[in-house]
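Open the model in your viewer and keep the selection tool at hand. We will go from stop to stop, with a few words on what to pick at each one.

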Amino acid sequence: MMAAGVDLTDQAAVQAYMAKKMGKSQPEPSQAELDAAMANPAALVDLANKYDPDPDKKYLSVQRVPDHDGLQWRQKTAIAVHTQGVISGLQLWAMRDTYQLPGNWGAHDVIKNMSEVIDVMYAQNLETPADWSVATWENFGNWMRDSQSKKRYDENIQMLESLMALLTKGGILSAQQGQQLPAAVRGDAIPEVAGPTKVKGNVISMKKARKLLKAMKHR
């Protein structure tokens, strides 16, 4: 554990390491941990690292496009995007009385699914959440309808709508994206909305996540 960088005084970190090695379910954040971190961006990044469902960063090795529409895949962006996804999962779980989530999902399920979908959007389209497009989500919705059971599809739609609502309220997505992207993934008609506007919120942006991750390396 010491060789893997596990803090032996952190019981949750020790449990997570043992669970990974023994194939057991991952430990989940307590409500006290979540409440303490919600208003503190640095603490939220710490919590994201602690409960990251992919601590080995396997998402960096999945199939991806090297470039798309003049953009190039960048590792530091992929890491920041992933962290933003884990944080979004933590926030949704902390506010599960406000945002609807599949009833049979636990904290680990929410965090894992949120981070994975955000990882896929960047790996396959080089789109960070702030850049999500109607066309990308229409394609993703078509793929879900063609490949998933109705139960799984309904769960994912519920998850994605809550994720988009969270990111819109936090100012990561514009009001235009917040109305058009849920319709796109459902396969509905895209509503006409006035130009992009964003509001300030307490959802951590990718830029802020990258800064906090950089600061953690120099502790």
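Select Met 1 to begin: this residue counts as partly exposed, since its relative accessible area is 35% and the class lies between buried (under 20%) and exposed (over 50%), with a 1.4 Å probe and protein chains only. Met 1 sits in the segment before helix 1 (11–22); helices here are DSSP runs of H or I with at least four residues, strands are E runs of at least two, and both are numbered from the N terminus.

Before moving on, note that this is a predicted model, in which local features need pLDDT of at least 70 and side-chain atom pairs pLDDT 80 or more, while totals for chains, interfaces and linings use all residues. Residues are numbered from 1 along each chain as its sequence is written, and side-chain values use heavy atoms, without hydrogens and water.

Next, pick Lys 112 and Glu 116, whose side chains meet in a salt bridge (2.7 Å, N to O). The term means a side-chain nitrogen of Lys or Arg within 4 Å of a carboxyl oxygen of Asp or Glu, and the count comes to seven. Both Lys 112 and Glu 116 belong to helix 5, four residues apart, about one turn of the helix. Lys 112 is partly exposed at 33% relative accessibility, and Glu 116 is partly exposed at 37%.

Go on to Lys 150 and Asp 154, another salt bridge (2.7 Å, N to O). About one helical turn separates them, because they are four residues apart in helix 7 (residues 150–169). Is Lys 150 buried or exposed? Lys 150 is exposed, with a relative accessible area of 63%, whereas Asp 154 is partly exposed at 34%.

Then select Glu 161 and Arg 186, which form a salt bridge (2.5 Å, N to O). This pair links distant parts of the chain, 25 residues apart: Glu 161 is in helix 7 and Arg 186 in helix 8 (residues 175–186). Finish this group with Lys 151, Arg 152 and Glu 155, linked in a network of salt bridges.

For the last stops, switch to a cavity or pocket display. On a 1 Å grid over the protein atoms alone, a cavity is a set of points where a 1.4 Å probe fits but cannot get out; a pocket is an open set with protein on both sides within 12 Å along at least five of seven lines, and lining residues have an atom within 4 Å of a point.

The second largest pocket has a volume of about 240 Å³, a volume being the space filled by probe spheres set on grid points joined across faces, edges and corners. Of its 14 lining residues, Asp 54, Tyr 59, Val 62, Glu 116 and Asp 119 lie nearest its centre. Helix 5 supplies the largest share of this lining, seven residues.

Finally, look for the second largest cavity, of about 60 Å³. Its lining includes Tyr 59, Val 62, Trp 73 and Asp 119, and helix 5 (residues 107–125) gives the most to it, with three residues.
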